[in-house]
Amino acid sequence: MKRSRKIILLLALVLVINQFLSYWYESVMRESSFAKVDETYEELDEGEHFDIFIMGNSHTFALLDNLSNSMFKFGTTGETIDQTYYKFLDVIENKKLKVDTLIIPLDINYLVELKMDNSRYPFFWNKYLSFSDYLSESNEKWNFVKNSILGYVVPYVNGSNDMFDYYFSSGKGNQLRSEGNVIADSLVDFEIPKGELDEKYLYFYPYIEKINEQCAKEGIHLIMISFPVTKYFYSQTAKKMDPELYFATIKNNLETKGLEFNHINLSQEYGSEKFRDPHHLGDNEIRFEFTELVKQKMSEQKSKKINE
Amino acid sequence: MLFNSVDYFVFLIVILFAYYKLNHKWRWLLLLAASYFFYGVWKVEFLGLILFSTTIDYLCGIGISQSNSKKKRKWLLWLSLFSNLSILYVFKYLDFSITAVNDIFSQDFVLYNLVLPMGISFYTFQTMSYSIDVYKGDIKAEKHFGYFALYVTFFPQLVAGPIERASRLLPQLKQKVEFNWNNISDGLKMVLIGLFKKVVIADRIAQLVNEVYNNQAEYNGAILIIATVGFAIQIYCDFSGYSDIAIGSARMLGVNLMDNFKTPYFSKSLQEFWTRWHISLSQWFRDYVYIPLGGSKVVKWRWRYNLLITFLVSGFWHGANWTFIVWGGIHGVILILEKIKVKQFSYRIYKIGKMLFVFSVVCFAWIFFRANSMSDAIDIIHKMMTSFVKNGLIADFKSTGISLINTIILLYAITILFVLDWLNFQKKKVNNEYIRLFGMIVLLFSILTMGVTEVKEFIYFQF
């Protein structure tokens with residue numbers, strides 16, 4: 001085979017396969033729970049009203065529709081608080097939705113230091129982010145630009161996990177990623193550390209303030225929920241922090257600035273047998289039960305506030 | 001700058017384009033500037049160390065070649081060796097020495113905790129070999145400072161080898177190279193194979209190995225054995241992957257670097273293993289430690305002593321830790337034992353048995369190489385022999401947190417690696433161009449879809 005023909009054939013094959021994989025990946029992702037919620041959001045009418053609006057990571061999937069007759073779940077897998085903030089700005093500035101209560105997660109790894117390099121699903125996130133705003137906030141500017149470009153050219157990079165989840169996991173219809181390994185509590189030798197808090201766990205704390213300030217400005221009641229996780233998940237995540245100190249620090253910081261801290265901590269509510277993977281509750285039955293519990297806690301919090 | 005980053009490939013494309021556009025007269029300058037940039041991106045302040053080492057060795061080399069006085073020549077050689085070894089000692093072994101003094105004499109001297117300059121063990125060994133070769137009259141001293149500096153810092157092999165001899169590399173750097181598609185495609189193929197080994201296999205299997213070795217107290221024998229075999233695969237894919245990318249990148253610039261790995265895990269003896277694993281370092285120790293000690297041309301006990309010393313020094317070269325010294329010692333002792341003649345059979349099953357035996361010995365030594373401390377290593381070996389499983393093999397494996405998808409990807413990738421290595425081992429070449437093209441495409445898209453995208457350092461950068 002002539003060299004020039006070989007190069008042309010190679011380039012053509014690479015381009016065709018790349019196009020095919022990109023198309024396949026994006027169409028799968030659009031069909032997946034990850035982007036379904038995004039499509040549903042796009043269909044909302046401007047200025048529509050919701051009693052409850054839920055944002056954040058996949059832990060929020062534990063909340064079912066029995067929480068309220070007028071609610072919208074806008075959480076996505078692996079979402080970090082900085083992304084939540086920019087999505088929230090879209091909700092109030094572009095969609096101009098009317099929201100009474102906003103629920104976001106306050107998990108032990110939700111504010112942890114991460115590279116803001118746009119490496120996860122850049123093709124998806126870009127539409128919610130003001131590119132320049134996000135870039136100026138980024139702690140990894142060069143990587144941010146690079147990953148944004150890669151997100152368009154080869155969106156499926158390292159997409160094997162997403163594909164696997166979609167085609168082979170039980171999470172296909174349940175807005176959950178693959179079933180992981182749930183280690184029985186009895187096999188986890190872990191004690192929650194006392195009196196330790198590494199600053200890296202509060203790295204994204206300023207975004208809580210930003211969301212809180214926006215809520216105060218818009219008259220939205222903000223509730224932060226620590227969603228249930230297994231003891232194993234705790235042992236993997238919280239080795240260098242005392243969760244009580246973590247919550248107390250956030251509370252203190254917010255209250256010093258005159259901002260509200262409405263927190264419902266249900267992180268250790270269930271044993272490992274109720275989970276499908278280390279940080280996601282099991283079937284609809286338990287999630288229904290959990291949603292009822294959240295409803296009850298919210299109502300208790302409301303009455304407490306009225307009494308005060 | 002790391003080979004497994006997008007930055008490196010942008011850098012490489014720019015350099016390749018400029019290199020072939022530029023007049024040959026100035027190419028050394030381009031490559032030298034590129035090499036300093038490549039290293040400086042990591043820590044610009046350590047460029048001073050490379051420049052210091054380069055200047056001393058350049059001047060010593062010139063001095064040695066111009067002097068007729070044996071005494072002066074020897075003095076200059078010692079100056080070169082002393083300055084290189086001093087740099088290495090301060091950055092790599094000073095804290096180890098202080099700790100040893102503190103332990104032995106119950107002292108409390110403060111450690112310096114110096115950052116180890118990336119690739120210091122490689123470029124100091126490369127420059128030392130130059131000075132020794134000039135002293136022995138094997139090569140002439142390089143008079144052009146630019147070419148000499150490029151020999152020391154040539155970016156494809158600067159931070160983790162192959163450790164090239166001046167007699168091989170310098171003439172190639174000076175040679176005028178015309179653009180050649182064969183060089184580009186051969187180089188690209190090597191780069192793809194190297195990347196596949198690094199990002200699909202090494203970085204993925206590292207998740208299992210790190211989890212188990214960093215929490216070894218929580219795991220029993222079976223998982224520790226799996227993790228040790230995993231580490232054998234990880235370090236092979238990590239380091240030979242690096243070497244493949246280095247060789248491939250240099251090939252695109254028309255430079256042929258030496259092979260550093262030749263399917264080492266198919267070796268039928270430990271002696272053969274060391275002719276296939278980290279070849280450039282093995283040859284360095286052979287030529288500059290083992291042979292000067294007397295090599296094999298001495299009485300038996302002295303020869304065995306030479307072998308053991310060479311491997312202990314090799315272990316110490318890898319790191320200032322007793323675990324590396326024991327690793328070297330194990331290889332030295334087994335090599336000595338191997339020299340005891342036993343009847344050899346030619347049955348295929350016997351040969352496969354020998355391969356498995358050598359692989360097991362190598363894995364056993366890797367335990368010390370990877371363990372975080374001597375006590376961890378001993379604990380791991382003890383558990384391997386006394387308590388095999390905790391809650392059943394599958395449950396134990398699941399408890400490492402390695403997902404099914406990771407396991408499937410690893411099995412897929414290791415199968416491809418096995419096929420590639422077996423073909424290399426059997427010296428079989430795929431001549432059908434369509435199959436070769438298909439192979440490259442499979443590698444490329446495996447890297448894109450299954451590679452671990454978080455850029456991780458190569459293991460040998462720490463040595």
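Select Ser106(B). At 63% relative accessibility, Ser106(B) counts as exposed (buried is under 20% relative accessible area, exposed over 50%, partly exposed in between, with a 1.4 Å probe and protein chains only). Ser106(B) sits in the loop between helix 4 (70-105) and helix 5 of chain B. Helices here are DSSP runs of H or I with at least four residues, strands are runs of E with at least two, and both are numbered from the N terminus. Check the backbone: phi of Ser106(B) is near 50 degrees, a positive value in a residue other than glycine. Most residues other than glycine have a negative phi.

Before going on, note that this is a predicted model, in which local features need pLDDT of at least 70, side-chain atom pairs count only at pLDDT 80 or more, and totals for chains, interfaces and linings use all residues. Residues are numbered from 1 along each chain as its sequence is written, chains are lettered from A and ligands numbered from 1 in the order in which they are written, and side-chain values use heavy atoms, with hydrogens and water left out.

**Another positive phi**

Stay in chain B and jump to Lys427(B). Its phi is near 55 degrees, again positive in a residue other than glycine. Lys427(B) is in the loop between helix 17 (404-425) and helix 18 (433-450) of chain B. Lys427(B) is exposed, with a relative accessible area of 71%.

**Helix 6 of chain B**

Now select residues 145-153 of chain B. Why is this helix largely enclosed by the rest of the structure? Eight of the nine residues of helix 6 are buried, so the rest of the structure largely encloses it. The buried residues are Gly146(B), Tyr147(B), Phe148(B), Ala149(B), Leu150(B), Tyr151(B), Val152(B) and Thr153(B). Show the cover next. It includes helix 2 (24-40), helix 3 (47-66), helix 5 (120-136) and helix 7 (166-174) of chain B, taking contact as heavy atoms within 4.5 Å.

Move to Arg165(B) and show side chains. Arg165(B) and Asp287(B) form a salt bridge, 3.0 Å from N to O. The term means a side-chain nitrogen of Lys or Arg within 4 Å of a carboxyl oxygen of Asp or Glu. Arg165(B) lies in the loop between helix 6 and helix 7 of chain B, and Asp287(B) lies in helix 11 (residues 279-290) of chain B, so the pair ties together parts that are 122 residues apart in sequence. Arg165(B) is buried, with a relative accessible area of 15%. Asp287(B) is also buried, at 17% relative accessibility. Over all chains, the structure holds 18 salt bridges.

**Across to chain A**

Color chain A by secondary structure. There are eleven helices and seven strands in chain A. Of its 308 residues, 53% count as buried. Chain A exposes about 14,800 Å², and carbon and sulfur atoms supply 51% of that area; accessible areas come from the Shrake-Rupley method with a 1.4 Å probe, and for residues only the protein chains shown count as cover. Among contacts in chain A between residues at least 6 apart in sequence, 78% join residues at least 24 apart.

Zoom in on helix 10 (residues 243-256) of chain A. Lys251(A) and Glu255(A) both lie there, four residues apart, about one turn of the helix. They form a salt bridge, the closest N and O atoms being 3.5 Å apart. Residues three or four places apart in an α-helix point the same way, because it has 3.6 residues a turn. Lys251(A) is partly exposed at 36% relative accessibility, and Glu255(A) is partly exposed at 43%.

Then pick Asp65(A) and Lys73(A). Their side chains meet in a salt bridge, 3.7 Å from N to O. Asp65(A) is exposed, with a relative accessible area of 55%, while Lys73(A) counts as partly exposed at 24%.

**The interface**

Finish where the chains meet. The contact takes 28 residues from chain A and 30 residues from chain B. About 2,400 Å² is buried between chain A and chain B, and carbon and sulfur atoms give 65% of it. That is the accessible area (1.4 Å probe) that two parts lose on being put together, summed over both.

How many salt bridges are counted between chain A and chain B? The count is two. Select Lys146(A) and Asp7(B): their side chains meet in a salt bridge, 2.4 Å from N to O. On the side of chain A that touches chain B, the elements giving two or more residues are helix 1 (3-31), helix 6 (141-153), helix 7 (160-168) and helix 9 (231-237) of chain A. Helix 1 of chain A gives the largest share of that side, ten residues.
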